[in-house]
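Work through the exercises below with the sequence and the model at hand. Each task is followed by a solution in steps.

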Amino acid sequence: MAFPTDFLWGGAVAANQCEGAYNADGKGIDIQDIMPRGIMGVPTAEPTADNLKLTAIDFYHRYKEDIALFAEMGFKVFRTSIAWSRIYPNGDDAEPNEAGLQFYDDLFDECRKYGIEPLVTISHYETPLHLAKTYNGWMSHELIGFYERYVRTIFTRYRDKVKYWLTFNEINSVLHEPLLSGGILTPKSELSLQDLYQACHHEFVASALATKIGHEIIPEAQIGCMILAMPTYPLTPAPDDMIAVMRAEHFNDFFGDMHVRGVYPGYMNRYFRENGIEIRATEEELRLLREHTVDFVSFSYYVSICEGAGGTAGGGNLLGGKKNPHLTASEWGWQIDPQGLRYVLNRYYDRWQKPLFIVENGLGAKDELVSDGAGGMTVADDYRIDYLNDHLVQVEEAIADGVPVMGYTTWGCIDLVSASTAQMSKRYGFIYVDRNDDGSGTLARYRKKSFHWYRDVIATNGGCLKRCVKESLIK
């Protein structure tokens with residue numbers, strides 16, 4: 001077995017979790033600037049000093065140093081996002097902010113200097129705060145027009161620098177975290193199903209419109225959707241448990257179906273009927289959805305879940321589910337299931353027949369900075385190496401199964417602020433950043449043991465992977 005010779009190895013970040021410089025060079029305030037506890041606390045009225053994302057890891061000023069480290073590992077691709085409020089500070093401005101446009105010009109130039117392809121998420125949990133306050137985010141149909149102006153601007157500006165684009169990050173999470181995902185300020189407890197699914201429709205239309213515009217402005221571009229993948233297993237083989245699994249997976253499949261097939265599926269039409277949901281959609285919007293589907297499907301994968309009668313409720317990313325008694329979990333309760341990645345790759349390709357791109361996968365853990373024995377500092381993160389190794393072995397198995405996998409970008413390839421908890425101590429990276437949960441630290445960068453491991457994985461195109469699943473991952 002072997003990875004394709006053109007496999008895109010790399011890493012992923014989001015602007016709001018790494019850039020900092022939250023009000024520099026004309027940038028407007030976005031929703032992350034008032035979420036000092038991530039999804040674990042209530043938003044504040046204004047940015048507050050305890051919000052680590054205001055400075056984050058200062059990637060805005062240190063990107064050249066960091067991209068040089070990515071190049072040292074051999075990255076072929078770097079996934080990042082554009083902060084909408086750097087380009088349009090309020091989101092509905094008539095003209096873009098040139099300083100923001102220039103920053104991403106410089107960032108993409110730096111990537112390409114090393115032969116690294118940028119993979120750019122257009123909207124990654126970074127809705128401008130003005131759009132949230134004035135329009136209630138994606139609850140409003142008006143956001144489609146503001147998003148269209150934004151995408152036309154960035155497609156035109158970066159047409160010669162970026163050929164891989166994602167329209168929305170983890171678009172299915174809007175049902176569960178409407179502020180984070182959809183910029184919707186109304187508390188979730190006050191939102192109806194009608195409200196949430198109408199917001200989804202607005203995002204679907206905006207995504208199809210971006211796909212249409214992208215193909216017009218950059219004919220060679222590849223434009224994909226991005227969903228949060230969470231394969232679901234039955235707690236028992238009881239038929240009722242299997243139906244529970246089917247229903248749970250429908251709520252995630254729906255978002256891929258809309259991007260790949262472009263029509264509302266029958267199972268959702270039934271759900272809408274039975275719950276009094278009437279999607280307000282024009283014929284033009286429905287035609288846009290049908291005619292402008294994505295080129296590939298990208299997804300994040302961290303955990304699998306179980307459904308069925310009984311069982312224990314579990315954590316794990318944003319979508320809940322029940323715990324699998326056969327799996328262990330990370331320090332944050334996210335269950336570890338490498339084989340689930342092979343399963344979801346096969347399942348998604350069987351369903352959609354589109355190339356797939358794994359754009360987030362990784363282990364959040366508490367790392368300890370120690371001496372490297374040569375006068376420097378490092379982290380002996382064998383646990384991260386084991387986790388990533390075992391997941392990559394399953395990617396290779398899926399490729400052998402016949403699944404076309406475009407690439408793999410580990411989440412948080414450099415330590416950054418957690419989206420869910422807004423902590424620095426929940427670390428994912430190959431590069432340790434000296435910053436703590438209280439905001440202290442020098443922001444110095446240190447190569448972890450996994451840095452050298454991933455460099456070797458890329459250099460050998462996966463040839464150095466240990467092709468067995470560690471017993472330590474299974475109870």
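**Exercise 1: a helix pair**

Helix α2 (residues 59-73) and helix α4 (residues 98-113) have axes that come within 10 Å and cross at roughly 10°.

Solution. Helices (H or I, at least four residues) and strands (E, at least two) are DSSP runs, numbered from the N terminus. Axes are lines fitted to C-alpha atoms, for helices over the stretch in contact, and angles run from 0 to 180 degrees between N-to-C directions. From α2 the contact involves F59, Y60, Y63, K64 and I67, and from α4 F103, D106, L107, E110 and C111, where contact means heavy atoms within 4.5 Å.

The model is predicted: local features need pLDDT of at least 70, side-chain atom pairs count only at pLDDT 80 or more, and totals for chains, interfaces and linings use all residues. Residues are numbered from 1 along each chain as its sequence is written, and side-chain values use heavy atoms, with hydrogens and water left out.

**Exercise 2: aromatic rings**

Classify the ring pair of W453 and Y454, then find the rings that have K426 and R427 over their faces.

Solution. Rings of Phe, Tyr and Trp (its six-membered ring) pair if their centres lie within 6.5 Å; planes under 30 degrees apart count as stacked, over 60 as edge-to-face and the rest as tilted. By this rule there are 43 aromatic pairs. For W453 and Y454 the centres are 6.1 Å apart and the planes are at 25°, so the pair is stacked. W453 is buried at a relative accessible area of 12%, and Y454 is buried at 0% (buried means under 20% relative accessible area, exposed over 50%, partly exposed in between, with a 1.4 Å probe and protein chains only).

A charge sits over a ring if NZ of Lys or CZ of Arg is within 6 Å of the ring centre and within 35 degrees of the ring normal. K426 lies over the face of W334, 4.0 Å from the ring centre. R427 lies over the face of Y432, at 4.1 Å.

**Exercise 3: positive phi**

Where do Y125 and N461 lie, and is each buried or partly exposed?

Solution. Y125, a residue other than glycine, has a positive phi near 55°. Its place is the loop between β3 (117-121) and α5 (129-135), and Y125 is buried, with a relative accessible area of 5%. N461, also not a glycine, has a positive phi of about 50°. N461 is in the segment after α14 (449-459) and is partly exposed at 22%.

**Exercise 4: sequence and space**

Which residues does D58 touch, not counting residues up to four places away in sequence?

Solution. D58 is in the loop between α1 (15-18) and α2 and counts as buried at 15% relative accessibility. With that exclusion, D58 touches C18, E19, L443 and R445. D58 and G20 are 38 residues apart in sequence, and their C-alpha atoms are 5.0 Å apart.
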